[in-house]
Amino acid sequence: MTEILQTPKLVVVFGGSGFVGRHVVRALAKRGYRIRAACRRPDLAGHLQPLGNVGQIQPVQANLRVRWSVDNAVQGADHVVNLVGILHESGRQRFTAVHEFGARAVAEAARAVGAGLTHVSALGADPNSASAYARTKGRGERAVAETVKDAVIFRPSINFGPEDGFFNRFANMARYSPVLPLIGGGATKFQPVYVADVAEAIASSVDDAIERGRIYELGGPEVLTFRECLEEMLKVIDRKRLLVPVPWWVANLQASILGLLPNPPLTRDQVTQLRQHNIVSEAAVRDGRTLQGLGIQPQSIGTILPSYLWRFRAAGQFQRKPAA
């Protein structure tokens with residue numbers, strides 16, 4: 001009897017070449033899916049090729065601000081994943097254009113081809129937030145839910161992993177600066193989540209292994225203040241630095257100046273975001289809309305940080321701590 005081989009599903013991943021994207025592509029490739037990584041610069045997405053078999057991963061050009069490119073990218077797709085987001089505005093990359101218009105464009109394109117949709121937002125997303133980032137993230141969620149009723153929406157806390165922009169940034173700062181700033185006193189709470197755990201959750205949604213049409217909140221096993229995050233990072237890189245509280249008004253003043261840089265380390269909108277805790281809600285825990293609820297055991301920062309922050313130690317991976 002002749003066996004009929006079924007062609008694997010085609011998954012289009014917008015933002016597939018980014019930090020979260022490469023981990024999502026890896027998780028999908030392990031499952032055998034065909035992957036189309038839609039990004040603005042496919043010529044810079046060569047690092048995705050080793051994550052799968054020959055021909056399994058195909059980078060294509062797409063820009064969420066250009067609707068026809070989004071429509072072209074999803075042709076033939078069985079499932080669409082939207083990971084695109086920006087932390088600060090620059091040039092034509094505006095929060096409204098990327099988080100709102102872009103989210104709706106991807107959702108409408110997915111609906112047009114009959115593909116499933118997974119949309120990645122962020123904890124704190126709220127259409128009425130004082131922060132432009134959180135406000136447009138919330139409006140993007142609303143656009144997705146209105147367009148594709150059974151879309152899966154994920155809200156991760158701060159993602160950490162080898163290429164993250166949080167622990168790496170402060171660890172690099174600690175190499176040169178004797179002090180590290182604690183904006184607002186460092187009391188803001190976070191629930192850092194390992195990027196590979198987030199990728200597994202996203203891949204599970206592509207597998208249709210979780211309930212659709214719901215919003216899931218993804219956080220790690222620990223709730224830490226901003227101060228505690230920096231203390232953990234300093235312990236891993238074995239450096240002692242003075243943690244200096246920065247009042248909100250001073251942080252806003254600094255952000256007004258730093259925000260003018262091409263790649264600003266801090267903006268006024270980010271200061272506004274830091275006024276709100278970034279943790280999984282009690283409602284999500286109660287309803288099982290978390291990593292644990294999805295059957296994924298989240299990794300702690302104590303387990304993962306040493307695997308990539310060792311390069312910020314004075315002697316790198318060869319540094320040894322004196323015997324107690």
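This is a predicted model: local features need pLDDT of at least 70, side-chain atom pairs count only at pLDDT 80 or more; totals for chains, interfaces and linings use all residues.
Helix 5 brings Phe167, Phe170, Ala171 and Ala174 to the contact, while helix 7 brings Phe226, Cys229, Leu230, Met233, Leu234 and Ile237. Sorted by class, that contact comes out as 10 nonpolar residues, with no polar and no charged ones.

Now for the other helix pair. Helix 3 (residues 95-113) and helix 4 (residues 132-147) have axes that come within 8 Å and cross at roughly 15 degrees. That makes helix 3 roughly parallel to helix 4, and this crossing is right-handed. On the helix 3 side, the contact is made by Phe95, Thr96, His99, Glu100, Ala103, Arg104, Ala107, Glu108 and Arg111. Helix 4 answers with Ala132, Tyr133, Thr136, Lys137, Arg139, Gly140, Ala143, Val144, Glu146 and Thr147. By class, you get 7 nonpolar, 5 polar and 7 charged residues in the contact of helix 3 with helix 4.

| Helix pair | Axes come within | Crossing angle |
|---|---|---|
| helix 3 and helix 4 | 8 Å | roughly 15 degrees |

An open sheet is built from 7 strands with parallel pairing, in the order 3-2-1-4-5-6-11. Which strands stand at the edges? They are strand 3 (57-61) and strand 11 (215-218), each with a single partner strand, so one side of each is left without a neighbour in the sheet. On average, and with direction ignored, neighbouring strands of this sheet are turned by 20 degrees against each other.

Within the sheet, strand 4 (residues 79-82) pairs with strand 5 (residues 116-120) in the parallel sense, over 4 bridges.

Last, the rings. The structure holds 10 aromatic pairs. One of them is Phe154 with Tyr216, a tilted pair with 5.7 Å centre to centre and 40 degrees between the planes. Phe154 sits in strand 6 (residues 152-156) and Tyr216 in strand 11, so to speak a link between distant parts of the chain, 62 residues apart.

Note on methods:
Residues are numbered from 1 along each chain as its sequence is written. Side-chain values use heavy atoms; hydrogens and water are left out. Axes are lines fitted to C-alpha atoms, for helices over the stretch in contact, and angles run from 0 to 180 degrees between N-to-C directions. Helices (H or I, at least four residues) and strands (E, at least two) are DSSP runs, numbered from the N terminus. Angles under 35 degrees count as roughly parallel, over 145 as roughly antiparallel, 65 to 115 as roughly perpendicular and the rest as oblique. A crossing is left-handed if the near helix is turned anticlockwise from the far one by less than a right angle, and right-handed if clockwise. Contact means heavy atoms within 4.5 Å. Ala, Val, Leu, Ile, Met, Phe, Trp, Tyr, Cys and Pro count as nonpolar, Asp, Glu, Lys and Arg as charged, and the others, Gly among them, as polar. Two strands pair if DSSP finds at least two bridges between them. Rings of Phe, Tyr and Trp (its six-membered ring) pair if their centres lie within 6.5 Å; planes under 30 degrees apart count as stacked, over 60 as edge-to-face and the rest as tilted.
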